Structure formats: C-alpha cells, structure tokens
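Open your viewer and keep the selection tool at hand. This tour goes stop by stop.

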Amino acid sequence: MTAESHSAAEIPSRLDQVREDIRLACRAAARPADAVKLVAVSKTMPAAAVEQAIEAGQRVFGENRVQEAYGKWPALKDLHPGLELHLIGPLQTNKVKEAVALFDVIETVDRPKLARALAEEMERVGRRPRCFVQVNTGEEPQKAGIAPDEAAEFVALCRETFGLPVVGLMCIPPLDEEPAMHFALLAKLAKESGLDELSMGMSGDFETAIAFGATYVRVGTAIFGARVLLE
Ligand SMILES: *Cc1c(COP(=O)(O)O)cnc(C)c1O
C-alpha cells in the first residue's frame, strides 16, 4: 500500500466507492438502496480523518473502545449535531455510565449483568441508546457474544425483564470461515425474536452480508485505509 492511500484526502473517494458497492449489493439482492445503513468504523483514526468523512456526508460512525471514543467524539458531536455513534466493541460494566452518555447505539449487549447495568443507567439518566444483542455465531471461546441457542431467551430477558430498547442482532463471524453461514444464522435468529435490524458485514464481506439481510454494515478499512495502531 502506498503512503498516499493512507492520506485523509483519499477518504471521500473511498467512501463513495463503499456507497456504490452497497448500492450494487442492494440491487443484486433486490432490496431498496436505503435498506442498508453504513456505519463508518473510525477506531484508531484521528479526528481529522473523521472530519473528512463527515465533510463527505457520513453521519453514522462506530468505535470499539469507550475510552478512545471519549478522546475524540464529545468535540466532534458538539461541532456536528446529528451524528450517530455506535459502540461496536465489548463493554465492561464499569464503563456503562460513559457508554450510555456518549453512544447512540450499543451493539454489544451480550450478558445479563451488562443488560441489567445498562437498563439501570438508562433509567437513572433518562437516555436510551438503542441496543443490539451480540451473538457469537461461531461459538468461539475467546469472542464476546451470547451463544446462538441462548439468543432468543436473552433477547426476551433484555426486553421484558430489563426493558432495554433492543432493535436487532449483531455478529462478527470467525476470521477463518465463510461468513455467509454466520450471516444466515444471525438473520434466522433475528426473525425468531421478531427483530428487524441486523448489524453484520465488514470491509471484506459487507456485500455478502447485504445478500443475507444486513441493515447495518460496519466498514472501517475500506473507508479509512489500513489501521496502523493496535486495536
Ligand atoms: C474494526 C471492526 C469493524 C471494521 O472492520 P474493517 O475490516 O476495518 O472494515 C467492524 N466491526 C467490528 C466489531 C470491528 O471491531
């Protein structure tokens, strides 16, 4: 990769390309062009890179760390009203307060203790970020997410017991497997729980995810270039 491909100047054209690819994937799947929303994953990227994307019309962003997000997003949100920020990384219960205050969507609800803490904090401050339940479709021991066969019960617990605003399911398929079967499984689980939103698909596989019904795709590298810092 050339040095130039890392420059912020590339961001608008990369973003255009991703939007075009989303459009084409929607058409191929006979889905309306606006059926899929793009979450631009800006983790490790400086605020200047995010500004480039905002200038190019992007409004929805994803970060995977609460701490890092606090370093750049309060100022960006002040400058640009109407941005929508998604938490796409694991959430510790001791960061729930910060997460509820900053994020508009929390995509990684995956255990009862976290669901309870989120519900209590939302109740306390009167701010209710929409939630996704993360499903560990590959049942990988090191990966976050509820097991597929526990998803329905956990979604019901989140909604009925805790009153969380759960709108959909999210997954990160195993790196070394065909993502399609994981996307199909997530779509099936969402349907069984009566959930409309599906957050699935990243730079390498968002077209496949769209074919399987993704309503949010989370794309980082294809927009911002390769990440240099550790995630
Ligand atoms: C980093 C990340 C992405 C984006 O990955 P790319 O391959 O850079 O598009 C999507 N989802 C999650 C949960 C991530 O952590």
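Which salt bridge do the side chains of K77 and D104 form, and at what N to O distance? Select both: they meet in a salt bridge with N to O at 3.0 Å. A salt bridge here is a side-chain nitrogen of Lys or Arg within 4 Å of a carboxyl oxygen of Asp or Glu.

Before moving on, note that this is a predicted model: local features need pLDDT of at least 70, side-chain atom pairs count only at pLDDT 80 or more, and totals for chains, interfaces and linings use all residues. Residues are numbered from 1 along each chain as its sequence is written, and side-chain values use heavy atoms, with hydrogens and water left out.

**Stop 1: around D104**

Stay with K77 and D104. K77 sits in helix α3 (residues 66-79). D104 sits in the loop between α4 (96-102) and β4 (105-109). The pair links distant parts of the chain, 27 residues apart. Helices (H or I, at least four residues) and strands (E, at least two) are DSSP runs, numbered from the N terminus.

Is D104 buried or exposed? D104 counts as buried, at 19% relative accessibility. R127 is partly exposed, at 27%. Buried means under 20% relative accessible area, exposed over 50%, and partly exposed in between (1.4 Å probe, protein chains only).

**Stop 2: helix α7**

Select residues 179-192, which make up helix α7. Show the side chains of E192 and K188: they meet in a salt bridge at 3.5 Å, N to O. The two are 4 residues apart, so about one helical turn separates them. E192 is exposed at 53% relative accessibility, while K188 is partly exposed at 48%.

**Stop 3: a network**

Select E63, E68 and K72. Salt bridges link these residues in a network. The structure holds 11 salt bridges.

**Last stop: the whole chain**

Zoom out and show the cartoon. How many helices and strands does the chain have? There are 9 helices and 8 strands. Buried residues make up 49% of the 231 residues. Along the principal axes, the C-alpha atoms fill a box of roughly 50 × 40 × 35 Å.
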